Amino acid sequence: MSSFEITSACERFPALKQTQVFFDNAGGSQTLGTVIDSAGYEAAAKYINASPDNIVLGSSTTQLFRNLSYALSFPAGSELILSSIDHEANIASWVDLASRLDLKIKWWTPKTKENPKLLASDLPELLSPKTVLVTCTHASNILGTIHDIKAIAEAVHTIPGALLCVDAVAYAPHRPIDVKNLGVDFYAFSWYKVYGPHISILYASPTGLNATKSLNHFFNPSTTLSNKLGLAGSCYELTASIPAVLSYFGPNPSESWAAIEKHEGELQSLLLHYLNGRGDVMICGEKEADTKKRVSTISFVVKGRSSQEVVEDVDKASGGWGRMGCDGGTAINWHSGRSA
Ligand SMILES: Cc1ncc(COP(=O)(O)O)c(C=O)c1O
């Protein structure tokens with residue numbers, strides 16, 4: 001006799017515990033109760049203080065921004081303000097959108113190269129009644145600098161209808177996130193950088209959701225962000241593992257995050273103190289270890305030595321853990337020739 005028992009198998013499917021009979025076609029199978037119970041979407045939304053209706057999960061942040069860029073539409077001549085120091089993931093889709101819809105791009109470039117930072121106070125000279133979208137990063141993936149997103153959102157929202165889209169991939173592993181408190185319209189990061197599965201999240205505020213048209217089949221619902229941009233594209237198995245990330249932070253996540261921030265602060269103090277004390281080292285970006293100003297991603301150059309040599313020495317000293325290359329092919333974008 002087979003060990004697979006049909007009656008107990010059926011009991012594991014909540015959809016089968018009702019009088020309705022499912023004559024489903026090949027659209028998909030019924031879902032196991034254990035999979036439904038894992039409630040990945042609810043957990044992901046809770047993690048950033050959002051409603052599940054306002055999020056979509058997808059294969060990567062790059063993919064989610066690309067989808068979003070096809071779902072936003074602005075009149076020709078409207079203006080986009082794009083941070084020139086973002087990762088390419090939060091640039092390429094918007095440059096492409098601008099060329100498709102004949103929009104004007106204004107580059108948002110920090111005023112100083114010594115400690116480049118995106119400041120809300122830079123925005124008034126870039127904003128205009130034609131501004132429809134501003135994009136920036138929450139923390140620089142190269143320098144670790146934290147940007148004051150709440151102040152940036154307030155500045156953007158002085159223009160009626162203008163939307164703020166934030167890349168939080170480099171910020172999310174280091175601090176807790178509350179999208180409502182930040183006041184952002186779009187906000188994305190990747191769970192694979194937050195100890196989790198290779199899947200990413202995009203949030204849209206009610207205003208952002210309203211501005212997003214559906215890319216889905218015309219006969220499908222188009223109320224939630226997932227309806228509009230999901231395209232059945234978030235891997236269900238990976239979605240189901242998101243609650244495990246939340247449980248890592250324990251019953252009191254804010255306490256855990258405070259401990260993480262403190263620990264990071266101690267580690268970055270040690271390294272920055274050492275680097276600041278050397279005459280032959282230049283730290284790129286924020287020199288202070290203040291955890292309100294930076295996360296623990298630290299860039300520096302050593303006078304008279306190539307980065308490759310430094311990495312090779314670190315590799316030897318750390319038992320093979322030196323890594324070299326350019327994060328996401330980006331570096332700081334203004335060095336790569338983009339200009340206003
Ligand atoms: C700041 C930043 N944004 C976006 C990305 C791209 O994320 P994904 O690989 O999920 O597309 C990265 C990847 O390293 C990143 O550092």
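**Close-up 1. Pairing of β1 with β7 in the predicted model.** Strands β1 and β7 run antiparallel and are joined by 4 bridges. Across this pair, Ile 55 stands opposite Tyr 203 of β7. β1 (55-58) is an edge strand of the sheet and pairs on one side only.

**Close-up 2. Pairing of β6 with β7.** The two strands are antiparallel, with 5 bridges between them. Tyr 203 in β7 is the bridge partner of Tyr 187.

**Close-up 3. Burial of strand β7 (200-204).** Of the 5 residues in β7, 5 are buried, and the strand is mostly covered. Ser 200, Leu 202 and Ala 204 lie on one side, Ile 201 and Tyr 203 on the other; both faces are covered.

**Close-up 4. Pairing of β5 with β6.** β5 (residues 163-167) and β6 (residues 186-190) pair in the parallel sense, over 3 bridges. Cys 165 stands opposite Phe 186 in β6.

**Close-up 5. Helices α4 and α6 on the sheet.** Helix α4 (residues 61-71) lies across β1, β5, β6 and β7, and runs at about 155° to β6. Helix α6 (residues 149-156) packs on the sheet and touches β4 (131-137) and β5. The direction of α6 makes about 155° with that of β5.

**Close-up 6. The sheet as a whole.** An open sheet is formed by 7 strands, in the order β1-β7-β6-β5-β4-β2-β3, with mixed pairing. Its edge strands are β1 and β3 (104-108). From one strand to the next, the twist averages 15°.

How values were computed:
Residues are numbered from 1 along each chain as its sequence is written. This is a predicted model: local features need pLDDT of at least 70, side-chain atom pairs count only at pLDDT 80 or more; totals for chains, interfaces and linings use all residues. Two strands pair if DSSP finds at least two bridges between them. Axes are lines fitted to C-alpha atoms, for helices over the stretch in contact, and angles run from 0 to 180 degrees between N-to-C directions. Two residues are in contact if their C-beta atoms, placed from the backbone, lie within 7 Å. A residue is buried if 20 or more other C-beta atoms lie within 10 Å of its own, exposed if 12 or fewer, and partly exposed in between; C-beta atoms are placed from the backbone.
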